[in-house]
Amino acid sequence: MEFQDVVRRRKMVRRYSEEPVDPALVDRALDNATRAPNAGFSQGWAFLRLDTPDDVRRFWAASTDAASLEQPSAWLAGLMTAPVVIVPCSSKAAYLDRYAEPDKGWTDRDETRWAKPFWHMDAAMASLLILQTVTDAGLGACFFGVHAAHEPRLRAELGIPEDHDPVGVITIGHLPDDSATRSGSPTRRARTPWRDVVHHGHWGGREGQTGH
């Protein structure tokens, strides 16, 4: 698929067919994820791969309250049809350690030196590469967050160490037969034209201009 087609076709898919996902595609998506930008080449990310029915069920049981599992909403019921779940995680410690090395020189590992949490940002960019890889293969994926109240149980059930934080969840699967039907927020909200969010040269100036 051409890159522009991948960008335009990528969407959050919230329901999947029963067709299994080729493990080679998951391998490729995770390989691509590790090529995302990352500060200092810290590579402070890890990806929990759940691609067996038992592991996927364990994920939903740990990340969802019992009442919702018994009577899931349409959104949850759709996501639970995904045969593959990836939990991308970030490691702040990896970045603090990396920037305390001689070529960086922040020997005190002071977290306040960081204007923004690049460990989360880099893991998010890696997640986007997973989404794009899946789209390129003609399948669907969805990125969503872990409810804060459920994170301790998820960590315990799946063995996520304390020095890694889940930044979200990615479901992967084949598109259902009626996948052409749009759903979710895009059916209720229009995409903002890019010219409306680009400020050229100065935030309040040259509105709508492009180029140089």
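Helix 3 passes helix 8 in a right-handed crossing, a crossing being right-handed if the near helix is turned clockwise from the far one by less than a right angle, and left-handed if anticlockwise. The structure is a predicted model, in which local features need pLDDT of at least 70 and side-chain atom pairs count only at pLDDT 80 or more, whereas totals for chains, interfaces and linings use all residues. Residues are numbered from 1 along each chain as its sequence is written, and side-chain values use heavy atoms, with hydrogens and water left out.

Two packed helices are described by the angle between their axes and the distance between the axes. For helix 3 and helix 8, the axes come within 8 Å and cross at roughly 150°, where axes are lines fitted to C-alpha atoms, for helices over the stretch in contact, and angles run from 0 to 180 degrees between N-to-C directions. The two helices are therefore roughly antiparallel to each other, under a convention in which angles under 35 degrees count as roughly parallel, over 145 as roughly antiparallel, 65 to 115 as roughly perpendicular and the rest as oblique. On the helix 3 side, R58, F59, A61, A62 and S63 meet R153, L154, E157 and L158 of helix 8, contact being defined as heavy atoms within 4.5 Å. Classified by residue type, this contact has 5 nonpolar, 1 polar and 3 charged residues; Ala, Val, Leu, Ile, Met, Phe, Trp, Tyr, Cys and Pro count as nonpolar, Asp, Glu, Lys and Arg as charged, and the others, Gly among them, as polar.

A61, which lies in helix 3, is partly exposed, with a relative accessible area of 43%; the cut-offs are under 20% for buried, over 50% for exposed and partly exposed in between, with a 1.4 Å probe and protein chains only. When residues up to four places away in sequence are not counted, A61 touches L69 and R153. The C-alpha atoms of A61 and A149 are 13 Å apart in space, although the two residues are 88 apart in sequence.

The largest nonpolar core has 19 residues, of which F59, W60, V85, F144 and L158 touch the most other members; such a core is a set of buried Ala, Val, Leu, Ile, Met, Phe, Trp, Tyr and Cys residues joined through side-chain atoms within 4.5 Å. At least two residues of this core are supplied by each of helix 3 (53–63), helix 5 (74–79), strand 2 (84–90), strand 3 (140–144) and helix 8 (151–158), and helix 3 gives the largest share, 4 residues. A second, separate core of 18 residues includes L25, L30, V134 and A141. With residues up to four places away in sequence again left out, V85 touches L48, R49, L50, V56, F59, W60, V169, I170 and T171.

A further helix pair is formed by helix 2 and helix 7, whose axes come within 8 Å and cross at roughly 145°, and here too the crossing is right-handed. In this pair, L25, R28, A29, L30, N32 and A33 of helix 2 meet A126, L129, I130 and T133 of helix 7, and the contact comprises 7 nonpolar, 2 polar and 1 charged residues. N32, placed in helix 2 (residues 23–33), is partly exposed at a relative accessible area of 25%. Apart from its neighbours within four places in sequence, N32 is in contact with L129 and T133.

Most residues other than glycine have a negative phi, and most peptide bonds are trans. Q43 has a positive phi near 55°; this residue is found in the loop between helix 2 and strand 1 (45–50) and is partly exposed, with a relative accessible area of 37%. R109 likewise has a positive phi near 55°, is found in the loop between helix 6 (92–98) and helix 7 (118–136), and is partly exposed at 35% relative accessible area.

At the level of the whole protein chain, there are 8 helices and 5 strands, which follow the pattern α-α-β-α-α-α-β-α-α-β-α-β-β along the sequence. Of the 212 residues, 34% count as buried, and the C-alpha atoms fill a box of roughly 50 × 45 × 35 Å, taken along the principal axes. Among contacts between residues at least 6 apart in sequence, 78% join residues at least 24 apart.
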